[in-house]
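Reader: I have a structure open on my screen and would like to learn how to read it. Could we go through some features together?

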Amino acid sequence: MNKSPQQLGKGMIYIAWLFVLFLLYLFFNDALEKQHNPNQSITSKKNGVREVVLQRNRYGHYVANGDINGQPVVFLLDTGATRVSIPESVANNLNLQKGVPLQANTANGVITTYSVTLNKVAIGPVELSAVRASINPNMLGDEILLGMSFLKHLELIQRGNTLTLRQYSLDG
């Protein structure tokens, strides 16, 4: 079966349109991700202190890339959370083991979480060891709530749409 040049031309047009749609998908997907997490590459200063400057996202939250035990994660800073709170699916990917069950009061009522101590938590050069956290089986998504068990060791300065995290000593 020989295809006519007209049929081949139509096929090439379809392929070109699919390619254009794929490129548009990549562009807009990246743009949406940057709107949600404008802190994919961290701005830091090292004038005797470890400092990170975060930009607020379009929803008014501070979302930033970081790592737990050397593995990359995405944090949502939450001064209302007592501990770092990790969705169970993320905890499984990080190979974290559930510890003692704990009762936690949330906006949705009392739930059971599991204690865990993280060897290292970092956002850029700001880094702490032995951070108390909770594995939360009820949390959806892959963002980790970066609560006060981490944030209380830092100076937080909010100005306009930026939040500066400063760590004055390395012995968090």
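Author: Gladly! Let us begin with confidence: pLDDT is the predictor's confidence in each residue, from 0 to 100. This is a predicted model, and the mean pLDDT of the protein chain is 85. Of its residues, 83% reach 70 or more.

Reader: Where in the protein chain is confidence lowest, and where is it highest?

Author: The lowest mean, 58, belongs to strand E1 (residues 43–45). At the other end is strand E5 (residues 84–87), with 97.

Reader: Next, salt bridges. How many does the structure hold?

Author: The general idea is a side-chain nitrogen of Lys or Arg within 4 Å of a carboxyl oxygen of Asp or Glu. The structure holds 4 of them. One of these joins glutamate 51 to arginine 166, with 2.5 Å between the closest N and O atoms. Glutamate 51 is in strand E2 and arginine 166 in strand E11, so this pair ties together parts that are 115 residues apart in sequence.

Reader: Is glutamate 51 buried or exposed?

Author: A residue counts as buried under 20% relative accessible area and as exposed over 50%. Glutamate 51 is buried because its relative accessible area is 6%.

Reader: What does lysine 98 pair with?

Author: Lysine 98 forms a salt bridge with glutamate 88, and their closest N and O atoms are 2.6 Å apart. Here lysine 98 sits in the loop between H2 and E6 while glutamate 88 is in helix H2, so the parts tied together are 10 residues apart in sequence. Both partners are partly exposed: lysine 98 at 43% and glutamate 88 at 21%.

Reader: And which residue is the partner of lysine 120?

Author: Lysine 120 bridges to glutamate 127, with the closest N and O atoms 3.9 Å apart. Salt bridges can also share partners, and in this way Glu51, Glu155 and Arg166 are joined into one network.

Reader: Which residues is threonine 164 in contact with, leaving aside its neighbours within four places in sequence?

Author: Its contacts are Glu51, Val52, Val53, Glu155, Leu156 and Ile157. Threonine 164 belongs to strand E11 (residues 162–167). With a relative accessible area of 10%, threonine 164 is buried.

Reader: How far apart are glycine 48 and tyrosine 168 in sequence and in space?

Author: They are 120 residues apart in sequence, yet 7.8 Å apart in space, C-alpha to C-alpha. Glycine 48 is in the loop between E1 and strand E2, and glycine 48 is exposed at 74%.

Reader: What should I look for in phi angles?

Author: Most residues other than glycine have a negative phi. Asparagine 69, however, has a positive phi, near 50°, and lies in the loop between strands E3 and E4. Asparagine 95 has a positive phi too, of about 60°. That residue is in the loop between helix H2 and strand E6.

Reader: How accessible are asparagine 69 and asparagine 95?

Author: Asparagine 69 is partly exposed at 27%, whereas asparagine 95 is exposed at 59%.

Reader: Last one: which residues make the nonpolar surface patch?

Author: Ile13, Trp17 and Val20 do, and the patch covers about 320 Å². You will find valine 20 in helix H1 (residues 5–36), where valine 20 is partly exposed with a relative accessible area of 37%.

Methods
Residues are numbered from 1 along each chain as its sequence is written. This is a predicted model: local features need pLDDT of at least 70, side-chain atom pairs count only at pLDDT 80 or more; totals for chains, interfaces and linings use all residues. Side-chain values use heavy atoms; hydrogens and water are left out. Patches are made of residues with over 30% relative accessible area and no salt bridge: like charges are joined within 9 Å, nonpolar side chains (Val, Leu, Ile, Met, Phe, Trp, Tyr) within 5 Å. Accessible areas come from the Shrake-Rupley method with a 1.4 Å probe; for residues, only the protein chains shown count as cover. Helices (H or I, at least four residues) and strands (E, at least two) are DSSP runs, numbered from the N terminus. Buried means under 20% relative accessible area, exposed over 50%, partly exposed in between (1.4 Å probe, protein chains only). Contact means heavy atoms within 4.5 Å.
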